[in-house]
Structure formats: C-alpha cells, structure tokens
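Visitor: Could you walk me through this model, one feature at a time?

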Amino acid sequence: MNHFPQVWGRPRDDVYGAYDSSYLNSIGPNTHTSSPIVTGTSVLAVKFKDGVVIAADNLASYGSLARFTDVKRLRTFNQRTVVGFGGDVSDMQYLDRLLLSLDIEENYSSSGHDLNAQNLHTYLAKVMYKRRSDINPLWNQLLVAGLDSEDEPFLSSVDLLGTTFSSPTLATGFGAHLAQPLLRKVVGDEANVKSVTRGQAVNAVKECMNVLFYRDARSLDKYSIAVITKESGVELKENEQLEGQSWAFAEMIKGYGTQTV
C-alpha cells in the first residue's frame with residue numbers, strides 16, 4: 001500500500017495505470033489575488049472635541065456566507081492610534097503582523113520618539129501604494145484614528161491604491177453610503193468638531209451600526225468600538241452588542257415573499 005499523501009484517494013496504479021500528474025506542474029505567470037473571498041464590511045469613525053470614535057463589526061463573510069463571527073477588525077497601536085480594517089481578512093492579518101513588527105522595532109528604539117496616528121497613516125499609505133505598484137495590492141481600506149503630534153484628533157483613510165483622504169467623519173464599505181449621511185448630521189465639517197461631545201459621537205456611531213445591521217447583508221449585531229483621547233489613551237471594547245433593535249418596519253414592506261394585500 002502506498003502511504004504517500006499525494007496519492008491518497010487516487011486510483012491504484014497497478015489496476016488503472018499510472019496517475020497523470022502533469023496538471024500539477026506550475027507553468028505560466030505568477031498570479032495574485034484579484035477577488036477577495038473572506039472579507040469584512042464597514043468601518044466607521046468620527047471626530048469629537050477631545051478625540052476620535054471608531055467602530056467595526058466582528059463579522060468576516062465567506063462570499064455571502066456569514067462564516068466567521070468573532071473577527072476583531074480594530075487594532076491598537078501604542079495607545080495613541082487605532083487602525084480599522086475593511087476588506088480582505090488575510091491581507092488584514094498580513095498588515096497586523098507588519099504593524100506588530102513595527103511596534104516592536106519602535107519599542108526598542110532609543111530615539112525617544114513615538115509614532116503618532118499621522119505617522120502611522122503615512123507609513124500605511126506608502127505600504128499600500130508600494131503593493132499597488134507591484135500589481136499585487138492589499139485588498140483593504142483602512143481608517144487610521146488617533147492623535148497627531150500636537151495631541152489633536154486625527155482621522156484619515158487609505159485604500160488599496162494608496163489613495164489617502166481625511167475628513168471629520170469617515171466610513172468604508174456599505175457604511176460610505178448609509179452611515180456617512182447620518183454622521184455628517186452630527187459633524188458637518190472641521191469647524192463643528194469642537195462642539196461635539198464624546199457622548200454625541202459614541203451615540204452617532206452606535207446608531208449607524210444599528211442602521212447597517214438592518215440594511216447591510218454582510219454586517220453583524222456584535223461589534224468593536226474604540227475611543228481615543230489624550231487623557232485616557234485607547235479605550236477598546238471588542239464584544240459590544242447592538243441594542244434597541246426593532247423590525248416592526250418590515251411589516252410595511254411589500255414585494256418580497258408570499259403576502260396578502
């Protein structure tokens with residue numbers, strides 16, 4: 001009996017003839033990911049007068065299947081910054097390892113300077129642009145939230161092309177369509193940031209997470225939320241549950257399933 005794993009489940013050579021393994025030979029160009037399979041959906045963030053609030057649900061979808069329900073998509077960096085990941089989960093794990101190695105390197109540095117949120121955003125933008133230039137992009141959109149060199153609230157995004165964008169409110173995925181209008185009602189522009197309290201920002205983000213759970217088929221009712229301030233650093237809660245849901249509005253929706261009018 002042949003015990004080699006490569007022949008398990010194949011017909012016996014002495015009965016059916018030698019197995020044709022020519023198809024296993026790799027001939028042709030190297031290929032890279034062109035369609036992510038396991039993905040995370042929206043990441044939301046909003047500035048307020050003392051810091052930034054950022055949130056993302058804990059779901060990683062395998063195509064349209066809600067497969068992994070305990071995937072944390074917010075990562076803390078040196079108690080001044082939180083990075084929120086949308087998009088491909090395997091690329092998120094690669095970036096997480098990259099940030100961990102950077103954090104270790106910074107901790108052993110004798111320069112006496114820490115990387116702030118703005119520095120980290122610049123670093124990630126360079127990484128994403130380099131991978132895009134290699135025609136091997138990381139299929140993610142990132143939100144970087146935290147404090148800049150002057151301890152002022154900082155919020156910016158970078159996508160798989162290395163394109164960067166800053167705003168008082170940001171959202172990735174479906175949240176860019178559904179959550180952004182709601183967040184902009186609270187913080188319209190940079191001039192309004194100083195008048196927004198922590199409570200208002202947290203409540204706005206939680207309301208948006210509720211809306212996304214209603215409307216986004218790739219979302220979940222369990223989420224992570226972080227608040228970054230100068231006084232307390234990063235306050236991260238990873239297993240929050242949505243509250244106050246009501247599906248009563250569904251009774252008024254016509255056009256789906258068997259219904260009597």
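Visitor: In strand 8, which residue is the bridge partner of Gly86?

Guide: Strands here are DSSP runs of E with at least two residues, numbered from the N terminus. Two strands pair if DSSP finds at least two bridges between them. In this case Gly86 has Gln141 of strand 8 as its bridge partner. Strand 7 and strand 8 (residues 140-147) are antiparallel, with seven bridges. Bear in mind that this is a predicted model, where local features need pLDDT of at least 70 and side-chain atom pairs pLDDT 80 or more, while totals for chains, interfaces and linings use all residues. Residues are numbered from 1 along each chain as its sequence is written, and side-chain values use heavy atoms, leaving out hydrogens and water.

Visitor: How many bridges join strand 6 to strand 7?

Guide: Four bridges link strand 6 (residues 74-77) with strand 7, and the two run antiparallel. Phe77 stands opposite Thr81 of strand 7. Three residues lie between the strands of this hairpin, and Asn78 takes a positive phi near 50 degrees. Strand 1 (residues 38-40) also runs antiparallel to strand 7, joined by two bridges, with Thr39 opposite Asp88.

Visitor: Is strand 7 mostly covered or mostly open?

Guide: Buried means under 20% relative accessible area, exposed over 50%, and partly exposed in between, using a 1.4 Å probe and protein chains only. Strand 7 (residues 81-88) is mostly covered, as seven of its eight residues are buried.

Visitor: Why does Thr229 count as buried?

Guide: Thr229, in strand 12 (residues 222-229), counts as buried because its relative accessibility is 6%. Contact means heavy atoms within 4.5 Å. Beyond its neighbours within four places in sequence, Thr229 is in contact with Phe48, Asp50, Gly51, Leu147 and Glu235. A polar atom of the Thr229 side chain also lies 3.2 Å from the backbone nitrogen of Ser232.

Visitor: And which residues form a nonpolar patch on the surface?

Guide: Ile37, Tyr62, Leu65 and Phe68 do, with about 390 Å² of accessible area together. Like charges are joined within 9 Å, and nonpolar side chains (Val, Leu, Ile, Met, Phe, Trp, Tyr) within 5 Å. Areas come from the Shrake-Rupley method with a 1.4 Å probe, and for residues only the protein chains shown count as cover. Tyr62 belongs to strand 4 (residues 60-62) and is partly exposed, at 47%. Leu65, in strand 5 (residues 65-68), is partly exposed because its relative accessibility is 48%.

Conventions: Patches are made of residues with over 30% relative accessible area and no salt bridge: like charges are joined within 9 Å, nonpolar side chains (Val, Leu, Ile, Met, Phe, Trp, Tyr) within 5 Å. A salt bridge is a side-chain nitrogen of Lys or Arg within 4 Å of a carboxyl oxygen of Asp or Glu. A polar contact is a pair of N or O atoms within 3.5 Å; within protein, one must be able to donate a hydrogen and the other to accept it, and residues adjacent in sequence count only if both atoms are side-chain atoms.
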